Amino acid sequence: MSTKVEFTNLQKILYPAIEVSKKQVIEYYIKIATKMLAFLQGRPTVMTRYPDGVGKKGFYEKDAPQGTPPG
């Protein structure tokens, strides 16, 4: 199965203390996806989002975004 996803604001700094960008976080998740997804399979997921980075106010995302595959 293949999924295509479009990303925006890849230059956005998500972790200012260590200057890590959104692009770097995505690349890391791609690198560890095989092991991480095997561990997470069948587990509920809770999403706390920080759209302006971890140093700013975040919010709890209660409902899965449109297009999320069934669990």
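One aromatic pair is counted in this predicted model, where rings of Phe, Tyr and Trp (its six-membered ring) pair if their centres lie within 6.5 Å, and planes under 30 degrees apart count as stacked, over 60 as edge-to-face and the rest as tilted. Y28 and Y29 form the pair, which is tilted, with 6.0 Å from centre to centre and 45 degrees between the planes. A pair of aromatic rings is described by the distance of the centres and the angle of the planes. Y28 has a relative accessibility of 48% and therefore counts as partly exposed; Y29, with 43%, is partly exposed too. Here buried means under 20% relative accessible area, exposed over 50%, and partly exposed in between (1.4 Å probe, protein chains only).

Because this is a predicted model, local features need pLDDT of at least 70 and side-chain atom pairs count only at pLDDT 80 or more, whereas totals for chains, interfaces and linings use all residues. Residues are numbered from 1 along each chain as its sequence is written, and side-chain values use heavy atoms, with hydrogens and water left out. The pLDDT, which is the predictor's confidence in each residue on a scale from 0 to 100, averages 86 over the protein chain, and 96% of the residues score at least 70.

The protein chain has one helix and four strands, in the order β-β-α-β-β from the N terminus on. Helices (H or I, at least four residues) and strands (E, at least two) are DSSP runs, numbered from the N terminus. Among these elements, the highest mean pLDDT, 94, belongs to strand β2 (residues 20-21), and the lowest, 85, to strand β3 (residues 47-49).

As for overall dimensions, the C-alpha atoms fill a box of roughly 35 × 25 × 25 Å along the principal axes. The accessible surface of the protein chain is about 6,900 Å², and 57% of that belongs to carbon and sulfur atoms; the areas come from the Shrake-Rupley method with a 1.4 Å probe, and for residues only the protein chains shown count as cover. Of the 71 residues, 10% count as buried. Contact means heavy atoms within 4.5 Å; of the contacts with a separation of 6 or more, 15% are between residues 24 or more positions apart.

Apart from residues up to four places away in sequence, S21 touches L10, Q11, K12, I13 and L14. D52 lies in the loop between β3 and β4 (59-61), and at 51% relative accessibility it counts as exposed.

What does E61 contact, leaving aside its neighbours within four places in sequence? E61 is in contact with M47 and R49. The place of E61 is in strand β4, and its relative accessibility is 17%, so E61 counts as buried.

In helix α1 (residues 22-40) sits I32, which counts as partly exposed because its relative accessibility is 25%. The C-alpha atoms of I32 and P65, 33 residues apart along the chain, are separated by 23 Å.
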